[in-house]
Amino acid sequence: MTWGETFRTALEAIRSRRMRSSLTMLGILIGIAAVMLTVGLGQGAQAQVRDQINQLGSNLLIVSPGSTTTTSGIRGGRGSASTLTTRDATALASAVVAPDIAKVAPVVTGSQSLTAGTTNWTTNVVGTTPDWLSVRARSLTQGRFFTTAELGDAAAVTVLGSTTATELFGGRDALGQSVSINGTAMTVIGILNTAGSSTTTDEDDQALVPQTTYSSRVAGSGSSTGISTLYIEASSTNALSAAYQEANKALLSTHAKTALTADFTISSQQSLLTTATATDQTLTVLLAGVAAISLLVGGIGVMNIMLVSVTERIREIGLRKALGATPHAVRRQFLVEASALGLCGGLLGIALGLVGAQVLPHFLDQPVTIPPLVGVGALGIALVIGIVAGVYPASRAARLAPIDALRSE
Amino acid sequence: MSTPPAPDEGAAPILRLVDVGKVYATGSVQVEALHGVSMEVARGEYVAIMGPSGSGKSTLMHILGCLDVPTTGSYDLAGEDVSAMSEDALAHVRNRQIGFVFQQFNLLSSLPAWRNVELPLCYSGVGRAERKERALRALEQVGLGDRVDHRPGELSGGQQQRVAVARALVTDPALILADEPTGNLDTHSSADVLQLFAELHDQGRTVVLITHEQDVAASAQRIVRILDGQIESVVPSTRASIR
């Protein structure tokens, strides 16, 4: 019997037992769809985290104060002590000390109440330098960012996040309006483009002022040079680790510390990304495991049905053997039938998975990204399940003695 | 379908059993179903094998049909010794040399008549177009040229058995082996089917018919009686004497 003939016979056998065949395929279908969707959800979540982190600025290193080690060996947490100053920023910006660092933006922040007319809004006020815009990879929808001259003059100007502007001015044009921050009237010179919210802060709800303005007019007292965070932009993605080394070395030497007593922490987007994706991966593996079990159950279903089919069609097998079917031909017929069940179930499962990938985001608020390779892989798995599930029933059919098979009622 | 050569007294027998024995071992009990059976059937002969149930005629039919192999002795079919062949080789012999007709018809209910008839040709690698052509011709020959697309469920018992005969004919086999072909039919259909075998015999085909009914056996040229696993007698039938 040719392969084409075998396929035709298998499809006819599947078609002639429509109800049973569809129920058998359902097991594979659900398994494949579940695997695809869990992998898709995992990939989608990872892509989302990656996008969010990339939005914060590319080639970015973040230096936080803290991690001071006391004599008793207890390390303080990140940000537990303000040990960074504007001098550190100036030092790192030097091309001699750190050639792989393109730009440095020191940031000092505090929560302040903003007033525009009769409207109040409490938000994060950020004192920084003009390089902040480039370092954080942000842009403006309206107006301009403050200049180095304004930084030198401690000018009373501010750039608002889009949410902040909307909260303070409603639908009205905020540009050129006056906002009072901690009693000081500042002119709104620009509005930031939206960046979405990161896991910790709302990047669209903040007010930026020159760092000098912040220390002299916004922060009531305290050090005029102390800063809360230092953002460093490496000259390229490849230079990120070199920039990390240079920053670490320079800060250790200016602070007169060793690696063990460092009073700052440098973290990169990469480390944030790794942490975030690792969490997602654990979840994905867990869910995919559950989905794989459902696929296994589907495979057992195929084997079960094929065994029933062999018993039920024992006369047909006997007849085919009497008419000249070799054991090999009989085995092939049942194997092809089982694989076809697996393959059809797999195809339908992929279809359901793709539909699910379109529908699910509307209910979960979570993107589902199914890589094409997963579809191909799922089809392969379905086929393999069909074949594996078919091997035992098929060899049972092949081993049947024709007279026993013909004799059975 | 080429017409087989006319019966010839001097021709080598198409089927020769020499001292065939068959022993079934079920657990510790050994049952001797056949003992020292020797017989010959010439090309173009019409032979009935008769015996009551338990006589060993089913076992003999299985061996003649290459569905089983003898424990002792030898069996030549169309010049080939098939008594020691492998399972695959036996499948090929069944496919090419033997056309089966069973008591239960054994048609596949999901397939139309012509697809049932072409089934043996599928296993001998005949192309699709030729298969259909040969199947239709075989159905024409058994008088079912107008029922080729009917499924077995839509045909009467006699018609179903005719489809089965067409299926036995389609490969142009050396031997047509019918096992109680009238066992499931009423008298009218039985006569019909027996008439068909007589026609096939007249066309020069070799037919071996297994039955327990005297009336049915009487349609053959020669009756081989089996009792307790041995050939009891070989007698020419009344039909043969009429000829």
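Strand β4 (residues 72-77) of chain B and β5(B) run antiparallel and are joined by two bridges. Strands here are DSSP runs of E with at least two residues, helices are runs of H or I with at least four residues, and both are numbered from the N terminus. The model is predicted: local features need pLDDT of at least 70, side-chain atom pairs count only at pLDDT 80 or more, and totals for chains, interfaces and linings use all residues. Residues are numbered from 1 along each chain as its sequence is written, while chains are lettered from A and ligands numbered from 1 in the order in which they are written.

Within this strand pair, B:Asp76 has B:Asp81 of β5(B) as its bridge partner. Both strands belong to an open sheet of four strands in chain B, with the order β2-β1-β4-β5 and antiparallel pairing. Two strands pair if DSSP finds at least two bridges between them. β2 (29-41) and β5 (80-81) of chain B are the edge strands with a single partner strand each, so one side of each has no neighbour in the sheet.

The chains can be set side by side. A residue is buried if 20 or more other C-beta atoms lie within 10 Å of its own, exposed if 12 or fewer, and partly exposed in between, with C-beta atoms placed from the backbone. Two residues are in contact if their C-beta atoms, placed in that way, lie within 7 Å.

| Item | Value |
|---|---|
| Chain A, helices and strands | 13 helices and ten strands |
| Chain A, buried | 41% of 409 residues |
| Chain A, contacts at least 6 apart in sequence that join residues at least 24 apart | 80% |
| Chain B, helices and strands | eight helices and ten strands |
| Chain B, buried | 48% of 243 residues |
| Chain B, contacts at least 6 apart in sequence that join residues at least 24 apart | 68% |

A nonpolar core is a set of buried Ala, Val, Leu, Ile, Met, Phe, Trp, Tyr and Cys residues joined through C-beta atoms within 7 Å. The largest one has 123 residues, of which A:Ile32, B:Val117 and B:Ala166 touch the most other members. Helix α2 (residues 18-55) of chain A supplies the largest share, twelve residues. Leaving aside residues up to four places away in sequence, A:Ile32 touches A:Leu295 and A:Ala382, among others. A separate second core of 53 residues includes A:Val107 and A:Leu251.

Where the chains meet, 17 residues of chain A are in contact with 18 residues of chain B. On the chain A side, α10(A) gives the most, five residues. By class, that side has nine nonpolar, three polar and five charged residues; Ala, Val, Leu, Ile, Met, Phe, Trp, Tyr, Cys and Pro count as nonpolar, Asp, Glu, Lys and Arg as charged, and the others, Gly among them, as polar.

α10(A) is largely enclosed by the rest of the structure, because seven of its nine residues are buried. Among the buried ones are A:Glu316, A:Arg320 and A:Lys321. Their cover includes α11, α12 (372-399) and α13 of chain A, together with α2 (87-97) and β6 (98-101) of chain B. After α10(A) comes A:Gly324, with a positive phi near 120°.

Two residues other than glycine also have positive phi. A:Ala256, with phi near 55°, is in the loop between α8 (240-254) and β10 (264-268) of chain A. A:Ala256 has 8 C-beta neighbours inside 10 Å, so it counts as exposed. B:Asn106, with phi near 55°, lies in the loop between β6 and α3 (113-122) of chain B. B:Asn106 has 21 such neighbours inside 10 Å and therefore counts as buried.
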